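Dear colleague,

My notes on it follow directly after.

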Amino acid sequence: MANGILKKLPEDLVFLILLTFPVKCLMRFKCISKAWSMLIQSTTFINRHANRKTNTKDEFILFKRAIKDEEEEFINILSFFSGHNDVLNPLFPDIDVSYMTSKCDCAFNPLIGPCDGLIALTDSIITIILNPATRNFRVLPPSPFGCPKGYHRSVEGVGFGLDTISNYYKVVRISEVYCEEADGYPGPKDSKIDVCDLSTDSWRELDHVQLPSIYWVPCSGMLYKEMVHWFATTDIMVILCFDMSTEMFHNMKMPDTCSRITHELYYGLVILCESFTLIGYSNPISSIDPVEDKMHIWVMMEYGVSESWIMTYTIEPLSIESPLAVWKNHILLLQSRRGLLISYDLHSGDAKELSLHGFPDSLSVKVYKECLTSIPEGGEYSTKVQKF
């Protein structure tokens with residue numbers, strides 16, 4: 001009956017009414033009529049729905065973890081949650097994505113994004129683009145670029161975002177190519193940059209790019225203001241930035257007290273209250289004095305201006321492996337050294353162990369808002385978009 005009433009309403013009013021519905025309902029509404037299906041799948045509607053007014057109650061969580069099977073291989077699992085009253089409630093059954101990812105390593109298997117509701121799951125070979133709200137995914141072709149015999153190519157950083165000039169999505173990978181010396185240590189390293197255009201699934205290498213060494217930590221590769229950010233080392237620690245549109249790199253300074261290269265401190269990048277944020281924490285295997293074991297949170301008040309870093313929080317030790325994400329603008333999601341997911345409330349100072357866990361160092365979390373964004377279908381010979 002309600003559907004019959006909606007069909008009689010003016011098209012503009014139907015458009016505005018449909019904007020108020022969540023993605024799950026809209027996916028069902030596509031079956032009502034061809035006109036509704038075309039409307040809901042239109043670029044105009046998708047963009048308006050993505051930009052509608054929302055709040056932190058509309059945030060969802062994609063959780064990745066690894067467990068070991070009887071053959072001592074890693075099983076990678078994705079879980080989807082809504083979070084009302086600070087409690088994580090499952091949205092769908094867990095998804096085993098082991099067949100799409102490496103089974104021999106769980107550390108470098110991060111979630112990257114989100115960008116317009118799309119998230120990338122990647123390892124050193126395979127990249128999967130998925131929309132957790134529509135439950136669509138597509139596997140990208142592997143990069144064709146290798147290295148000469150006797151050399152090694154190691155992927156050190158991955159990014160995912162939108163080229164707003166050409167209006168297509170890209171995956172960027174930073175690799176280091178080096179030869180192995182007789183003493184077992186790597187020789188001189190050369191930076192290689194691969195970029196994949198998702199509209200055609202074509203990979204290309206950027207020419208003659210020499211970068212500082214990537215300092216890989218779990219909470220990096222973050223997209224903010226159309227830039228992807230990693231940590232890197234020159235003579236000091238810096239944040240390496242990559243513009244997804246111009247494909248240019250530049251270095252951003254960290255706070256003075258964080259720029260010294262040390263094995264006792266690690267760093268992570270998150271978005272806190274829509275601001276670019278740096279978290280400094282103790283190296284999980286360091287022997288730092290417990291009195292000095294604190295987590296410091298720095299917010300960049302004006303993005304790109306290194307003088308605008310302000311330390312906003314100092315947190316007593318939580319014995320964490322790494323930070324993961326910020327939820328509801330005041331809850332830090334952290335990975336414990338035992339592989340547990342921990343929440344820390346910046347307002348109250350309360351820390352909780354959530355009932356989610358995995359193999360130590362395997363956890364990855366992305367907080368996202370539901371979007372109808374379609375996964376680009378690629379070229380003629382690309383793999384097809386599929387359903388979880």
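In this predicted model, an open sheet is built from five strands, arranged in the order E5-E6-E7-E8-E27 with antiparallel pairing. Its edges are formed by strand E5 (111-115) and strand E27 (386-387). Each of these two has a single partner strand, so one side of each is left without a neighbour in the sheet. Within the sheet, strand E7 (residues 127-131) pairs with strand E8 (residues 136-139) in the antiparallel sense, over four bridges. Ile129 has Arg138 of E8 as its bridge partner.

A second pairing involves strand E1 (residues 59-68), which runs antiparallel to E26 and is joined to it by six bridges. Here Lys64 stands opposite Ser364 in E26. Strand E26 (residues 364-369) is largely enclosed by the rest of the structure, because five of its six residues are buried.

Turning to charged side chains, the structure holds ten salt bridges. One of them is formed by the side chains of Glu247 and Lys170, at 2.7 Å from N to O. This pair links distant parts of the chain, 77 residues apart: Glu247 is in the loop between strand E16 (237-243) and strand E17 (249-253), whereas Lys170 belongs to strand E10 (residues 168-180). With the cut-off for burial at under 20% relative accessible area, Glu247 counts as buried at 16%, and Lys170 is buried at 2%.

The closest N and O atoms of Asp194 and Arg173 are 3.2 Å apart, and both residues are buried.

A further salt bridge is made by the side chains of Lys192 and Asp190, with an N to O distance of 3.7 Å. Both partners are partly exposed: Lys192 has a relative accessible area of 28%, and Asp190 has a relative accessibility of 31%. Salt bridges that share partners also join Arg153, Arg173, Asp194 and Glu205 into one network.

Yours sincerely

Key: Residues are numbered from 1 along each chain as its sequence is written. This is a predicted model: local features need pLDDT of at least 70, side-chain atom pairs count only at pLDDT 80 or more; totals for chains, interfaces and linings use all residues. Side-chain values use heavy atoms; hydrogens and water are left out. Buried means under 20% relative accessible area, exposed over 50%, partly exposed in between (1.4 Å probe, protein chains only). Two strands pair if DSSP finds at least two bridges between them. A salt bridge is a side-chain nitrogen of Lys or Arg within 4 Å of a carboxyl oxygen of Asp or Glu.
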